[in-house]
Amino acid sequence: MTPLSFGVALVAFVILGPLLGCFLTGADRIITARMQGRVGPPFLQPYYDVRKLLAKERRSLNSFQGYYLILALIMTILSGAFFFAGGNILLVVFLISLSSLFFIIAAYSTRSPYAEVGAGREIIQVLAYEPMIILLGVFFFLITDSFDTSAVASLELPLVVALPLVFAGLLFILTIKLRKSPFDLSFSHHAHQELVKGITTEMSGRSLAVVEITHWYENVLFLGYVGLFFVWAPPSTLILAVVVALAVYFLEIVIDNSFARVKWQFMLSWSWIVSLLCSALSLVLLAVLNGFVV
Amino acid sequence: MSESVKSPWVLHYDASSCNGCDIEVLAALTPLYDVERFGIINTGNPKHADLFLITGSVNERQVPIIRQLYEQMLEPKIVIACGICACTGGVFKECYNTLGGVDVAIPVDVYAPGCAIRPETIIDAVVEGLGILEEKRRLLAAGSLEPAELPKQPSAADKPVRGETVAAAWQKAIANALQTAGQEEQ
Amino acid sequence: MVILASLVIVPLITALLLLVFRSNRARAVLVIAAVVLLVALSLVLTVRYLPASSGFAVAQSGIVSYVMLGVDLLCCLYVLYRGIRASNYLAIFLAALQGILALVYEFGFSHNAAVSTDVYVDALSLIMTLIIAVIGGAICVYALGYMQSYQEHLEHEGSRLAVSGEPSRVAEALRLIRDRRHVFFALMFVFLAAMFALVFSNRLSWLLTAWEVTTVCSFALIGYDRTEESIRNSFRAVVVNLSGGLAFTLALIMLAGGGTPIFELDKLIEAGVDGALVLPLMLLAFAGITKAAQMPFQGWLLGAMVAPTPVSALLHSSTMVKAGVFLLIKLAPTFGWNVPGLFVLIVGALSFLGCTALAISQSNAKRALAYSTVANLGLIVCCAGVGTPEASWAAIFLLIFHAAAKALLFCCVGTAEHHLGSRNIERLDNIFVRMPWLASCMALGMMAMFIAPFGMLVSKWAALVSLIESGHLELLFVLAFGSALTFVIWAKWLGKVLAIGREDERISTRVSRTETVSLAFMAFLLIALTLAIPYVSELFVMPYLWETGQILQLPLWSTASDVLGYDNLMIVSVVFMVMLALLAVQILRRRPPSNDTVYLAGVGADSEERSYYNAFGELSDATQRNWYLDELFGEKILVRPATILLSAVIAVFFIFGIILELMLV
């Protein structure tokens, strides 16, 4: 990763990230509505929502919450820029947890009982998904001998061939990260699944707009993770990656609409079991495939 | 139309409704009426909501709750009284514990009658309210939005009673006594 | 050489002076002067010897050896005396055995041995010196203010007891009130002296003495309060550490009695690298593991929490447990894919995982910190066990940054405890408003423990890389899951610390100046160290590895090409520091009062108190307790199985070790 490529990726991600994220969310809401036999909102509804939130009165419980949320946003943008610039994949992971941390602190800072319950659940969500994404970075290193995401460009076969089970593990925890049922414990976009609105209870107006935008960036970044498994040497494979990422997003919408929210115990134990099994079996598989791939 | 009109988020509060109107409010969210077409989402959190949708008549204990929820909503915001009870107190108006419609607690922007209110009426009321919402947003942006004045703190003593029931008379007497006691304490 | 000697002697003289001059003022002057002198000496030493390592022969080594033996025996006698008074037979037995073995070793083997290098200095001992002088010194300065209010608190308690009038109580009260702070500070400085001696000794018998002195100092400091609980816990600590010391002595005797007698640390490492040693290495590793409070010996460190906070800060950051991991890091080149290496590695890895999980279940701030210490030391021990240069790099980094962050955290918790009256994490509520600077320091310390771009995370990352490189893929799971658990400990605690209630309420009592200054200094040190990560690596850690022949296979950290993403991390560092600075400005600024109320289902009464009207129209408080996941990670669930498992692991490995040793013979 050169400073130039980082700069380009940063600017591109800052501009394109929310655009794509907004479109994805808009499509999500229409598709969800159709699955439920409804017409659904306009495609640009997420954009209208955020515009409205930005125009709301400025009010907050304390002067820090908004600041923490901005920090969370900056960290997400940085991580996305590193990811798409071909930077260090583990650093991306750490920045994502930093972003989650600031989001959690923002909720705690209000001392609202509802927000604190949400923040606690968010922590449990991090506990559930973190091992898998760290292990993903490790497997990435085992295959490419580098932590830089740009290393996929020199592969002869896509990562998914060598690491199908790691990909499966990623899909499992992706539901948590995209805040989809059954793992949308800390807050969800659906009405009445919450203790009020979970972690976002005390975030209103501008703050909530920042949360939404952060979530757009996050969605794009994590679909990038999906895409990473399908990129190899020929540049045309980028198109394949995009197609697969969109397909996975559709799959997540189907899952979102097919399951009710589960208890945190279920989420935690299954995330860990899946992470553990997928990675352990992947190690075995790698050992078997060793001659062919590495 | 600006964005605030395209994304009205709803807070639904059930005062002393018989639940008839509540069922209709939920019906409006179902595939048949699908209010999400207009960007309407039921949030359940005053801090996220733009529309305050209240069903049922209001009694004394609900007044501070309704006021607090109203105050926690961010401007621009509007209030819609859903159903005849929320508008005036309806058939419960003369009930011993009923103060009247929503407007005894907070200023109401749109009155939507009906017993029970029909989902079409709710949608109509929301669309009607959006104009007021847009006006308020414009005022807020210009910095000239005055906070709405709350009605005088009502109590059972102020309750307009025609054929006063025995229970209501007692209620009124007790309230008056309490009020005087309170004043003496101060 | 003179500087080396003075680093040991200055604190000893200070300790003596502290015993003589007992007024507060004299003590403050003495402590601050000594700390400044020690820091200056260690800096001079660093400038003088970095990056090369040098060894020295001491002229009158025979006399020094006598002195050292005398000190060792004194230590044993002290424990014997206290053991007899408290009728703790295990301690008596261990202390007596230790004394006898020390005599046997000195006169049977070591005294007339030809030793070419008595003391040495290399980059690792310089790192340790700086940690001991700077962080240990800051803690001593912190203790000045802390012990003042501690004493006041004791006197308050004592006078309450005395007023109650019962004769037995009055005696207890008098005992409580007696000002023994001079002993406290003297012990702190003796501790520092012992640590300096420990990091410079190459002659194993001297190393052993320094080792025993730290044991006994910690014993005396843990029991400082003389309450029943503190005495019980101090014996627990001394029993564990004496058994470690016993293993150490046995190892020395085995080394001295072997085919080619070994009396020096560097020779020992050379022999170890050749694979000629198994059981002695395991015994030394065992000593290190007990001192580093690894599972199943974590109990002593948790019990040590009864001592005044500066003691905990000292034990956890710059001394004691760090002596354990220091020894293991020194021995790291001898570990790897061999029996002692795997032994160390497994104990460390399991301690890391187990204690991280246990830390989640703790609501007592000091206990949570203690478990987190054991966990992080576990990681260091594990890295030492891996034995590759990359792992050593990670281990040393962990050691440095853990010392800096934990010292700050313990001191913050101590001050918070004095001013808020509780060490319960739940009771830290609203500390951000009441003591904003203290809360900020605490938050900084916590962030330094687990997030990018601070050193702990960089070291964990390096540990990850070294595990991949060395082929210990199974441990990657430990690290991945352990990191996720670490996030839980700190995130929920940070949330509590940074919660904001009433914005206008600041606490009235003033924090003493020495406390404030040393807290601010430690916070500054943490930030400076984070920005200086590349220099720490290139100036200290790499030269040590280079000197000891540990050559990195992977470019962990360099500006040219690296695995950790040097430029990526630097960008994050800069961004993060700018944001912290902005946050600090935000804290300094006069804040506008809250213009919103908290959502309490419409029945909120007082938004700032989080109270509401319940169904009876009465006031209730909306309270929310953090998640402790007791049913998953509670002490009741984890401690017993972990103890059994780890004891079994240790037993099995020792059986293996003995068999191997017999085969070697």
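Helix H5 of chain A (113–144) and helix H7 of chain A (residues 164–177) pack at an angle of about 145°, with their axes 10 Å apart. Axes are lines fitted to C-alpha atoms, for helices over the stretch in contact, and angles run from 0 to 180 degrees between N-to-C directions. Helices are DSSP runs (H or I, at least four residues), numbered from the N terminus. On the H5(A) side the contact includes A:Gln125, A:Tyr129 and A:Phe139, and on the H7(A) side it includes A:Gly169, A:Ile173 and A:Lys177. Contact here means C-beta atoms, placed from the backbone, within 7 Å.

This is a predicted model; local features need pLDDT of at least 70, side-chain atom pairs count only at pLDDT 80 or more, and totals for chains, interfaces and linings use all residues. Residues are numbered from 1 along each chain as its sequence is written, while chains are lettered from A and ligands numbered from 1 in the order in which they are written.

Between chains A and C, 50 residues of chain A are in contact with 47 residues of chain C. H5(A) gives the largest share of the chain A side, 16 residues.

The table gives the residue classes of both contacts. Ala, Val, Leu, Ile, Met, Phe, Trp, Tyr, Cys and Pro count as nonpolar, Asp, Glu, Lys and Arg as charged, and the others, Gly among them, as polar.

| H5(A) with H7(A) | 10 residues | 2 residues | 1 residue |

C:Leu408 touches residues including C:Cys441, C:Leu519 and C:Leu526, not counting residues up to four places away in sequence.

Conventions:
Two residues are in contact if their C-beta atoms, placed from the backbone, lie within 7 Å. Helices (H or I, at least four residues) and strands (E, at least two) are DSSP runs, numbered from the N terminus.
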